[in-house]
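Hello,

Here is the structure we talked about handing over. Please open it first, then read the notes below with it on screen.

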Amino acid sequence: MHLAVEAVSLTRNLRGMGRYARRLLSEMPALRPELRYTIFARNAADVPPLQEQLAALPRIMERATILPAGEMSRVHCDAAWYPCNFVTHRPLSGAIVPTVHDLFPMLQLDGRWWKYYKRTRARIRYGRTLSAADHVITGATKAAAELRATFGVPAGCISVVPHAADDFRTADASLVDALLARLDVCGPFLLAVGSQEPRKNLGVLYAAMQWLEARGRAIPLVLCGPRGIHGFKPGDAVPRWLRHAGFVSDAELAALYARATALVFPSRYEGFGLPVLEAMTAGGVVICSDASTMPEVGGDAVLYFPPDDAETLAAQVLRLLDDDQLHGTLVRAGAMQAAHYSWQRSARGTLEAIDRGILATRRP
């Protein structure tokens, strides 16, 4: 199989969709030894950094040619895979198979006027992508239902292929000793990860922390991700319980997942909810909202709360702090839940979905 891959976002997207694409590019050849890639970078200047990035992973570069995206229209292939939501360049021939992770860019929970403009543009891009697609991949049944309801994509044209978090199976908790010492964290703590955008719903977590502080039960909250703290303006007093770690390495993140009292993931909307799976894989405990795809990923192995209910979130934190047996039970349940996911399974499902796309183009 000759697979064209539009990878224009990979050099800039080190986590999330970028991790997803790189892991599958590395795993798929183990299942299809004859697989050949033509991978398309954003432009000629992006070709060397993309080559360097992919050369660090096994089984990719010995079967790959990397070209600027402008060359894609001259390429014949069996199929073109688009791992980051949108079809922007198309090959001369071959099935079109995008992975549509979620519809968030057209649903952004933000009322500012320029966000309305971005939502409108995103809806148009999704419409064009789905019209061009011979088959569509998405990560969760909730996301598939959204594609059907919003764009009328037939169920038979969608494959649900869950993501994985094998990268977090070996968590060395000692890797974060220095980081926690720098943050003045020496006992139980909560962990939050990700961007500061409104859908991540950090406000309900802050409200829960203030509820706990008012009752003398607050513990440190370690926040990993971009600088700048959503909900706090310059000059605002930052609460004593808040510690901002900034960006951390994957190894450090795995160690934080394993060491924390719990990952708290209050998001209102996710295409999959990868941090929930990462934390369970690393041997951690998760408290997350019961919205969107989170119950699908977490199953019965996590503690839930309604995304607008700070008191229920605080009560779940107290349950963990007061019940050591519950913590151990959730660690074991999380390991069992995480065992259902692997990048090899995801690679197999992705190849099967691409096969369906190829078959669709050959039907009379």
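**Salt bridges**

K200 and E270 form a salt bridge, with their closest N and O atoms 2.7 Å apart. The pair ties together distant parts of the chain, 70 residues apart. K200 sits in the loop between strand 8 and helix 7 (202-214). E270 sits in the loop between strand 11 and helix 9. Both K200 and E270 are buried. Keep in mind that this is a predicted model.

The count of salt bridges comes to 17. Another one joins D46 and R12, at 2.6 Å from N to O. This pair, too, links distant parts of the chain. D46 is in the loop between strand 2 and helix 2, and R12 is in the loop between strand 1 and helix 1 (17-31). The two are 34 residues apart. R12 has 53% relative accessibility, so R12 counts as exposed.

R74 and E71 make a salt bridge as well, with the closest N and O atoms 2.9 Å apart. R74 counts as exposed because its relative accessibility is 55%. E71 is at 29%, so E71 counts as partly exposed.

There is also a network of salt bridges. It links R19, R23, E27, R59, D167, D250 and E278.

**A buried charge without a salt bridge**

Now look at E6, in strand 1 (residues 2-6). E6 is buried but has no salt bridge. How far away is the nearest side chain of opposite charge? That side chain is R125, and it is 6.7 Å away. What does the side chain of E6 reach instead? It reaches the backbone nitrogen of H89, at 2.9 Å. Setting aside neighbours within four places in sequence, E6 is in contact with F40, M72, W81, Y82, P83, F86, T88 and H89.

**Strands 2 and 3**

Strand 2 (residues 36-41) and strand 3 (residues 64-68) run parallel. Five bridges join them. I39 stands opposite I66 in strand 3. Between the two strands the chain passes through helix 2 (residues 47-55). This β-α-β crossover is right-handed.

Helix 8 covers residues 250-259. Which of its residues are buried? They are L253, A254, A255, L256 and Y257.

Helix 9 spans residues 274-281 and holds L277. L277 has 0% relative accessibility, so L277 counts as buried. Which residues does L277 touch, leaving out those up to four places away in sequence? They are H163, A164, A165, F272, V297, A338 and Y341. L277 and A339 are 62 residues apart in sequence. In space they are 9.8 Å apart, C-alpha to C-alpha.

**Where to look**

Start at K200 and E270, the buried pair. Go on to E6, which is buried yet has no salt bridge. End at L277 in helix 9.

Best wishes

Technical notes
Residues are numbered from 1 along each chain as its sequence is written. This is a predicted model: local features need pLDDT of at least 70, side-chain atom pairs count only at pLDDT 80 or more; totals for chains, interfaces and linings use all residues. Side-chain values use heavy atoms; hydrogens and water are left out. Two strands pair if DSSP finds at least two bridges between them. Helices (H or I, at least four residues) and strands (E, at least two) are DSSP runs, numbered from the N terminus. A crossover is right-handed if, with the strands pointing away from the viewer, the path from the first strand over the helix to the second runs clockwise. Buried means under 20% relative accessible area, exposed over 50%, partly exposed in between (1.4 Å probe, protein chains only). Lys and Arg count as positive and Asp and Glu as negative; His and the chain ends are not counted. A salt bridge is a side-chain nitrogen of Lys or Arg within 4 Å of a carboxyl oxygen of Asp or Glu. A polar contact is a pair of N or O atoms within 3.5 Å; within protein, one must be able to donate a hydrogen and the other to accept it, and residues adjacent in sequence count only if both atoms are side-chain atoms. Contact means heavy atoms within 4.5 Å.
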